[in-house]
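Q: Could we go through this one together, starting with how the chains meet and then looking at single residues?

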Amino acid sequence: MSLLRVDGLSKAFGGINAVADLSFTINPGTIHSIIGPNGAGKTTLFNLITGVYHPSGGRIRFQDADVAGLPPYELARLGMSRTFQNLQIFFNMTAVENVMVGAHLHLNPRVLPSLLHLPVVKRRDRECRAKARELMEFVGCGAYLEADSASMPYGALKRLEIARALASRPKLLLLDEPAAGLNATESREIDEVIKRIAGQGVTVVLVEHDMKMVMGISDHILALDYGRKLAEGTPAEVRQNPDVISAYLGAGSA
Amino acid sequence: MRLTGPHIGLLATAAIIALLPLTFPNSYYYDVAVSALFNAVLCVGLNLLIGYAGQISLGHAGFFALGAYVSGILTTRWNLPPLLALVVGAVLVGTLAFVLARPILRLKGHYLAMATLGIGIIIFIVLNTEAWLTGGPDGLTVNYLSVAGWTLKGDRNWYWLAGILLLTTVWLSLNLIDSAVGRALRAVHGSEVGAAVVGVDTGRYKVLVFVISAVFASVVGSLFAHRNGLITPGIGSFFHSVELVAMVVLGGMASTFGAVVGAVILSVLPHLLTSFEDYEAIILGMIMMSTMIFMPKGIVPTVLRLLRQRGGAS
Amino acid sequence: MFAEFLQYMLSGITVGSIYALAGLGFAIIYNASHVINFAQGEFIMIGGMASSVLVAAGLPLWAAVILAVLLTMLVGLALEIFAIAPARDADVVTIIIITIGASIFLRGVAQLVWGKSPRSLPAFSGEEPINLFGAALARQSLWVIGVSLLLILLLGWFFNRTLFGKAMLATSYNRLAAQLMGIGVNKVLTLSFGMSAVLGAVGGIIVTPITFTSYEAGIMLGLKGFSAAVLGGLGNGAGAVAGGLLVGIAEALGAGYISSAYKDAFAFVIILFVLFFMPNGLFGKRSTERV
Amino acid sequence: MLEISALTSHYGRIQALKGIEVTVAEGELVALVGANGAGKTTLLRCISGVQPVSGGRIRFDGKDITRMAPELRVGLGIAQVPEGRQVFGPLSVEDNLRLGAYRRHSKDVDADLQRMFKMFPVLDTMRHHPAGTMSGGQQQMLAMARALMSRPRLLLLDEPSMGLAPLLVAEIFRIVEALKKEGTTIFLVEQNAYAALGIADRGYVLETGQVVLADSGQRLLSDEKVKEAYLGL
Amino acid sequence: MRTMRTAGLALAMAFAATVAGQAQAADDIKIGSFVSSTGVMGYMGDQEKKVLETYVERINKQGGVLGRPLKLIVYDDGTEAEKAASFTKRLIENDEVDVIIGGTGTPQTMAAVPQVERAQVPFISLAGGIVITDPVKPWVFKTPQSDKMAAEKVFGDMKKKGITKIALLSENIGFGKSGREQSLLAAPKYGIEIIADETYGPKDPDVTAQLTKIRGTAGVQALFVFGAGTGPAVVSKNIRQLGLTEPVYQSHGVASKDFLRLVGTAADGFRLPVDGLVVADQLSSSDPQKPVVVDLKNTFEGQYKTDVSTFAGHAYDALMMTVDAIKRAGGTDKAKVREQLEKTKGFIGTDGVYNMSPTDHMGLGLDAFHMVVIKNGDWVLSD
């Protein structure tokens with residue numbers, strides 16, 4: 001059974017098709033990568049799947065429920081979360097609070113008890129905080145447990161976003177360029193984090209430019225160009241595909 | 001319990017409220033202090049909306065005035081007990097805010113400012129026009145606050161009531177901010193989409209905070225009506241709304257104590273400036289401009305940061 | 001019946017032209033700098049006050065107008081240089097409070113310098129109204145409508161036909177690219193305040209014979225101008241003009257056919273309804289957030 | 001012509017450039033390649049003066065321009081084709097081009113306009129259309145033509161091939177080569193490392209705000225490390 | 001957090017210091033005042049403040065009252081009732097004044113009333129609202145003619161001219177709003193029917209819509225405009241613009257030279273009730289008010305180079321009546337001053353001749369008003 005199934009998905013911005021008639025499936029427990037040159041529609045695809053954009057056409061099925069057009073917070077409730085290419089950190093909060101927001105669904109907060117700081121609220125908050133710290137350690141930004149998010153370096157913020165997404169306990173995690181802006185060592189570490197996440201049974205989809213990472217950790221790769229599917233398959237298959245090479249590396253370089 | 005920064009702040013505020021009357025030579029000082037405290041309560045509520053959730057409102061005086069008028073009308077014309085009238089006012093204003101919140105909070109930035117401003121002005125016009133109900137521009141006389149036969153009179157008593165109310169409000173606000181609800185509110189400010197993808201129904205939280213801050217305003221409005229004895233539509237005017245926002249921003253957005261400090265300063269300032277007579281407006285304008293130019297984050301956050309930097313350096 | 005309707009429309013268009021000019025002032029500044037200048041109304045007041053004081057002092061009208069416009073322009077430039085530019089990266093609300101502080105300050109200065117008495121200017125070409133199908137039109141209304149139209153056309157020409165106007169537009173569309181073209185973006189922002197002030201001053205001068213002026217005349221006009229600009233869609237000059245006319249006409253028709261007490265409320269109810277269905281105003285551009 | 005030494009720059013608290021050393025000689029075509037977020041665009045913006053420099057020095061013709069206002073740098077002859085084209089969408093193609101010549105007040109702007117139309121015939125046909133209605137490739141042409149309107153001595157190109165179809169990419173690079181032949185000094189930032197290094201005299205590889213490799217274009221192209229970094233091969 | 005406490009304390013101390021600096025020698029007679037010298041009623045309050053300052057100085061130069069100097073403390077309430085309430089408290093509690101003059105408008109006055117009643121301080125209001133002295137409150141007096149009297153004076157004039165059906169156009173805040181209510185109440189007494197009832201805002205740039213509606217109402221024989229400030233001037237110009245031919249009455253709210261200056265000749269032919277001060281030069285020399293109004297006019301215009309308006313007269317009357325009462329009371333004992341104020345008889349002020357009594361704390365009759373007609377941009381007595 002597929003976890004996510006996309007059928008004939010399209011999105012047009014002012015007459016230009018950013019994503020056009022795209023279909024693919026994602027099976028549970030695997031790592032998928034979506035590659036393609038800049039402007040190929042990868043981030044748009046992410047935005048469509050996670051409800052940030054409304055599709056112009058097509059269907060998205062998540063765990064066999066039609067979810068096209070649902071708002072992001074509903075999708076999160078169903079078990080889908082993501083990170084962003086342009087960081088969407090809550091810079092007005094501390095690092096650990098950022099992750100605690102990720103656990104929002106599971107705290108099910110009510111206003112009156114929160115106002116009064118009832119013991120039950122305090123206890124659950126404490127647990128939530130502990131869990132958030134664990135997650136920060138898990139993704140490798142344990143050094144920033146007490147930090148203000150605004151004072152953290154870029155690489156740590158990328159991890160913080162992953163921790164926040166994990167705190168919502170997703171079944172499907174979409175990572176938008178997790179390694180962008182990171183150096184080689186940091187990329188290697190993110191690699192490990194992603195593998196560990198997948199190891200816990202979370203299905204991961206990532207958009208990434210770092211080919212070494214993509215080729216190294218993906219079970220399955222989807223290559224896009226001009227919003228359309230260019231190729232699909234295992235890393236080895238995609239790497240050999242001449243269309244991919246010419247689109248990605250530029251004409252004449254193959 | 002470990003004492004954290006906010007709790008120390010709460011204790012300090014309590015100490016100031018308790019000790020300040022020692023410096024008061026007469027009840028006029030209590031009077032000014034009460035209005036400052038009332039404004040502080042209102043601003044703590046408004047700060048949840050503006051500072052923490054990042055949604056501007058230029059019409060909040062409208063909710064304040066509605067609360068005042070509902071209390072005034074119900075107690076003087078229908079002889080309802082003041083506390084019941086206060087609750088009815090809060091429920092009515094809360095309901096109105098709830099109905100308005102969804103369509104309004106879809107707006108952003110200056111469009112939101114315009115919409116809230118419009119609502120405030122419409123409320124003002126209704127209060128001003130429907131004289132049969134509100135007394136029109138000449139105002140509405142409101143009875144003293146009395147509970148079960150006991151009447152609250154005298155500036156001293158009002159001072160303690162307002163002081164306790166402020167402490168309670170600050171405590172509630174600190175609690176809320178440090179809870180999952182508060183984090184969701186702040187997340188709405190930090191990044192709406194970032195909050196949404198981890199399951200925060202941002203629309204719901206914007207409505208929630210709008211209603212909470214409106215109810216705060218309504219309750220303070222009710223109390224204000226009983227203390228002042230006379231209310232006029234002017235309390236719901238655009239200028240009063242702007243004044244409230246200025247208090248929050250001046251003191252420091254997203255800082256509960258900032259809201260308190262801003263409210264106190266802008267409430268006391270006009271009384272300090274009376275001796276400048278015709279220069280009063282010029283000085284007030286200068287203070288507003290220069291504070292915001294040199295401390296764009298507001299007074300309390302800026303001072304705290306300076307202190308922290310100095311602490312870090314030494 | 002028709003004469004009545006026409007009279008309401010004439011009244012609405014006259015008032016609407018004033019709002020349109022005020023709204024245009026907001027639009028120019030917003031366009032260039034994304035700042036909402038709540039002191040815009042004070043430009044209108046300063047233009048009106050300065051010119052009537054100068055005329056009262058014996059200057060010919062034309063000289064008073066020129067001096068008043070220059071004075072207002074200097075105030076506008078000074079406002080940008082001393083109050084807005086230093087806080088350019090601050091929050092939207094912070095800048096709103098700065099401009100509100102500026103408006104309180106300017107009002108205070110005007111009160112101190114020019115006193116609290118209301119002032120007037122003689123109508124530019126006589127008081128005798130013109131009869132138009134049974135409706136009466138004040139000559140000064142023609143001045144208001146005419147000068148507003150002229151200014152709008154002039155602005156249209158400036159933005160569409162001059163390199164500097166295009167540079168200003170370019171700055172609003174894409175500040176980064178404008179800088180890369182060698183456009184002095186800071187200068188453009190300062191000048192946008194100057195232009196806005198000039199616009200406000202001219203508006204203030206031409207309406208003074210109709211509405212009179214006083215040191216606090218700017219508040220209401222500023223508020224209505226803001227409404228016009230938002231209704232039309234922020235940053236859209238034509239939208240601000242349309243918004244201003246719409247607010248003016250709504251008020252006149254509301255006062256005429258429904259209730260004069262709720263005249264101002266109608267305008268705001270309309271604005272609210274428009275915003276509920278078109279969150280970026282009538283002609284505002286929709287923005288898609290990129291994440 | 002351009003000397004950059006020990007340049008650092010920050011976005012808020014994030015350090016984007018960590019001591020860059022780059023030189024570009026008159027008439028050279030120098031390529032700067034590196035991963036997304038490595039700091040390439042930041043470096044170009046520092047050169048143009050639209051990104052604040054926190055340390056180090058930028059010299060142009062031996063003159064220190066580190067703190068010079070961006071508009072004055074355009075006057076000196078530094079023009080940039082920014083990443084993502086950044087054309088003025090609502091303005092017409094011709095207006096975009098004329099704004100490119102904003103700092104020049106001479107009468108030969110019209111002649112230059114004709115020159116651009118000849119070099120990019122598509123711009124002539126679209127002359128009166130709003131720039132925003134053009135395709136990505138056409139916009140890229142416009143962005144380049146617009147920069148050339150200032151008659152730059154140093155042309156900074158930021159990802160000119162981004163999001164373009166292979167055919168167009170080839171076209172763009174043909175034009176870049178032609179410009180170089182005309183004597184324009186070019187500093188080219190590209191993710192398309194092959195194409196960029198293929199035509200460059202020299203190249204720099206940037207990684208997390210630091211220059212990690214500097215060599216001639218051809219040598220970098222055959223460098224295993226570069227291959228590895230870009231293709232995971 | 002320590003800084004916060006320090007800051008709080010510093011603030012309180014600064015506050016205390018500023019206000020305490022005003023403590024005065026004990027033998028001053030302290031006249032407290034709050035007027036609206038800014039805000040919507042600024043043009044009224046400004047004159048009131050100037051008159052108080054001028055005459056307190058003049059009285060002090062002449063040796064004060066009962067040999068004691070007057071000490072004037074004036075606050076600007078910005079036309080806000082809430083501020084007025086606060087300043088009243090300040091005058092009573094902090095400045096410990098002997099008597100309070102003020103309240104430019106009715107709302108500001110009413111905001112002060114509960115406090116002066118509680119603290120038992122004699123208070124003379126400068127506002128026109130009838131609610132101020134009806135019902136009578138022991139410690140509250142007022143000088144201006146009530147809105148009701150203005151309305152009655154106008155209706156009486158209309159009745160004489162056989163006018164029975166009129167249109168009312170009033171300002172929607174403050175002065176005009178309460179004038180409208182009084183007019184609606186008083187009209188039936190004079191057999192006047194108000195068949196069109198419109199309002200306008202004080203800053204409205206144009207009221208032709210309202211006037212057009214009035215013009216379209218069948219049977220309107222005259223128009224009564226109730227407002228103050230620039231509004232009635234705009235109305236006057238619009239009336240001329242629309243060419244309305246019906247007789248136009250204005251209220252005493254426009255009885256200032258400012259109004260004439262603004263409208264030029266547009267208001268020619270309009271009738272309105274004014275007090276003696278406005279027509280000082282035209283009063284017959286036998287009129288008992290003549291010397292009083294001429295003195296105020298000359299003094300005020302001499303010092304400030306601007307024209308005196310009816311509002312200045314309200315403050316003048318209040319101050320002089322207070323001085324008179326204090327003299328008769330032989331001191332500043334509040335109860336005695338109050339008593340003497342209530343006993344004021346035949347006191348000649350600018351607003352008329354005051355005859356106070358326990359049932360009348362305003363003390364003016366309809367004869368305090370003179371009807372004038374505007375001719376060539378000036379007032380001409382017409383009754």
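Predicted model: local features only at pLDDT ≥ 70, side-chain atom pairs only at ≥ 80, totals over all residues.

Q: Which chains share the most contacts?
A: Chains B and C do, out of the seven pairs of chains that are in contact.

Q: And which helices pack there, say helix 13 of chain B?
A: Helix 13 of chain B, residues 280-294, packs with helix 4 of chain C, residues 92-114, and their axes come within 7 Å and cross at roughly 155 degrees. An angle over 145 degrees counts as roughly antiparallel, so helix 13 of chain B is roughly antiparallel to helix 4 of chain C. The crossing of these two helices is left-handed.

Q: What sort of residues make up that contact?
A: By class there are 16 nonpolar and four polar residues in the contact of helix 13 of chain B with helix 4 of chain C, and no charged ones. On the chain B side, the residues of helix 13 include B:Ala281, B:Ile282, B:Leu284, B:Gly285 and B:Met286, while those of helix 4 of chain C include C:Thr94, C:Ile97, C:Gly101, C:Phe105 and C:Leu112.

Q: New topic, cysteines. How many disulfides are there?
A: There are zero disulfides over all chains. A:Cys128, for one, is in no disulfide, and the nearest cysteine sulfur, which belongs to A:Cys141, is 15 Å away.

Q: Is A:Cys128 buried or exposed?
A: A:Cys128 is buried, at a relative accessible area of 6%. D:Cys46 is buried as well, with a relative accessible area of 0%.

Q: Staying in chain D, where is D:Thr185, and what does it touch?
A: D:Thr185 lies in strand 8 of chain D, which covers residues 185-190, and it is buried, with a relative accessible area of 0%. Leaving aside residues up to four places away in sequence, D:Thr185 touches D:Met1, D:Val24, D:Ala25, D:Glu26, D:Gly27, D:Glu28, D:Arg153, D:Leu154 and D:Leu155.

Q: What about C:Gly235, where does it sit?
A: C:Gly235 is in the loop between helix 9 (218-232) and helix 10 (237-258) of chain C, and this glycine is buried, with a relative accessible area of 14%. Not counting residues up to four places away in sequence, C:Gly235 touches C:Ala27, C:Tyr30 and C:Asn31.

Q: And C:Val92, buried, partly exposed or exposed?
A: C:Val92, which is in helix 4 of chain C, is partly exposed, with a relative accessible area of 44%. The C-alpha atoms of C:Val92 and C:Val35 are separated by 7.4 Å, and the two residues are 57 residues apart along the chain.

Q: How many residues of helix 7 of chain E are buried?
A: Six of the eight residues in helix 7 of chain E (residues 208-215) are buried, so that this helix is mostly covered. The buried residues are E:Thr208, E:Ala209, E:Gln210, E:Leu211, E:Thr212 and E:Ile214.

Q: Last topic, the backbone. Which peptide bond in chain E is cis?
A: The bond from E:Asp134 to E:Pro135 is cis, with omega near 5 degrees, and E:Pro135 is found in the loop between strand 4 (123-125) and strand 5 (140-142) of chain E. For background, most peptide bonds are trans, and most residues other than glycine have a negative phi.

Q: What is phi of C:His34, then?
A: Phi of C:His34 is near 60 degrees, a positive value in a residue other than glycine. C:His34 is in the loop between helix 1 (2-33) and helix 2 (40-56) of chain C, and it counts as partly exposed at 46% relative accessibility.

Q: And D:Asp61, where is that?
A: D:Asp61 is in the loop between strand 4 (55-60) and strand 5 (63-64) of chain D, where it has a positive phi of about 55 degrees although it is not a glycine. D:Asp61 is partly exposed, with a relative accessible area of 42%.

Definitions and conventions:
Residues numbered from 1 in each chain as written. Chains lettered and ligands numbered in written order. Heavy atoms only, no water. Disulfide = S-S within 2.5 Å. Buried < 20%, exposed > 50% of the residue type's maximum accessible area, 1.4 Å probe, protein only. Axes fitted to C-alpha atoms, helices over the stretch in contact; angles between N-to-C directions. Helix = DSSP H or I, 4+ residues; strand = E, 2+ residues; numbered from the N terminus. Parallel < 35°, antiparallel > 145°, perpendicular 65-115°, else oblique. Left-handed = near helix turned anticlockwise from the far one by under 90°. Contact = heavy atoms within 4.5 Å. Nonpolar A, V, L, I, M, F, W, Y, C, P; charged D, E, K, R; others polar.
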